[in-house]
Amino acid sequence: SSALCRTSRSGTVLKLHRTYCNVPQHFLLIMCQCAPIHICIALALQPLRCENCWRTREELDGASLKVCQQSKWARFCSRECQVRAWKAYYKRECEALKGVGKRRPPATVRLAARILEKIEGDGEASRSVAELLSHWENSTDITKESYAHLALATQSFFRPGAKPGQLNDDAQPEEISTEIRNIAHLIGRLSCNCHTVCARTA
C-alpha cells in the first residue's frame, strides 16, 4: 500500500508502506506535479460521478446527477460542469456516444479519443504525448494486436465515417491505415504512462 504525503524538502511524494517490486518499504518516490493530458472515469464508476468534477452524490449532499439528454450516458452535477465539459471535449464525445447507442466504449477508448481531439489543436499537448514512451519494440505480438484492436475501436468511436483498417490474418501491412498505427502507438503510450486514481488521499 502507499499514500501521498508532503515533505518540506521534496514536495509531494508517494510513500510506500510495504516492499513493492523490489522497492524497499518507506521509500519515497518524488511525484511530478503537472496537469494530466486528459482524464477519464472508469466504466464501472461512470454512473456514480460527475463527468467534469468527478464528485459523487455523497459529496454533493445527496443531490442527484443529471444525465445528458443527448447521449443518455454522461452525468453532470450542474449546468456549469456540463458547459465546461462541453467546451473542453464533450461536444464531440456526445455525438460519438449517440452514434454507438448502448454499446458503450471502454475507458481506454474514450481516453484515447479525448487525447486525439486535444492534440489536433494543441501543439504543446501533441509534443507531450510524443515524448511518452510506448515500449512498442519490446511489446509481444499479442500485446500489439490488442493495441491494434483498441485502435480500431477508437477510430470507429472518434471518426465514425473513417474507413477501418483490417486486422484479420490475411491483412497486409499496407492495408492497415497510418491512423490506426498511430492510435495503436498512442494506446501503447497510455498503457505505459497512465495512472489510476483509486481514492483521494490528503
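## A walk to the cavity

Colour the model by secondary structure to begin: the protein has 5 helices and 5 strands. Keep in mind that this is a predicted model. Now follow the chain from its N terminus, and the elements come in the order β-β-β-β-β-α-α-α-α-α.

Of the 202 residues in the protein, 29% are buried.

Hide the surface again and show contacts.

Time to look for empty space. Rolling a probe the size of a water molecule over the atoms shows where such space is left. How many cavities of 30 Å³ or more does a search of the whole structure find? The search finds 1, and the largest cavity holds about 60 Å³ of space.

To find the elements around it, select α1 (79–100), α2 (107–120) and α4 (141–158); these are the elements that give two or more residues to the lining of the largest cavity.

Now show side chains for the lining residues of the largest cavity:

- Tyr-89, Arg-92, Glu-93 and Ala-96 are among them.
- Arg-110, Ala-113, Arg-114 and Glu-117 also belong to the lining.
- Phe-157 and Phe-158 complete the list.

Finally, colour this selection by residue class. Which classes will you see in the lining of the largest cavity? There are 5 nonpolar and 5 charged residues, with no polar ones.

Key: Residues are numbered from 1 along each chain as its sequence is written. This is a predicted model: local features need pLDDT of at least 70, side-chain atom pairs count only at pLDDT 80 or more; totals for chains, interfaces and linings use all residues. Side-chain values use heavy atoms; hydrogens and water are left out. On a 1 Å grid over the protein atoms alone, a cavity is a set of points where a 1.4 Å probe fits but cannot get out, and a pocket is an open set with protein on both sides within 12 Å along at least five of seven lines; lining residues have an atom within 4 Å of a point. Grid points are joined across faces, edges and corners, and a volume is the space filled by probe spheres set on the points. Helices (H or I, at least four residues) and strands (E, at least two) are DSSP runs, numbered from the N terminus. Ala, Val, Leu, Ile, Met, Phe, Trp, Tyr, Cys and Pro count as nonpolar, Asp, Glu, Lys and Arg as charged, and the others, Gly among them, as polar. Buried means under 20% relative accessible area, exposed over 50%, partly exposed in between (1.4 Å probe, protein chains only).
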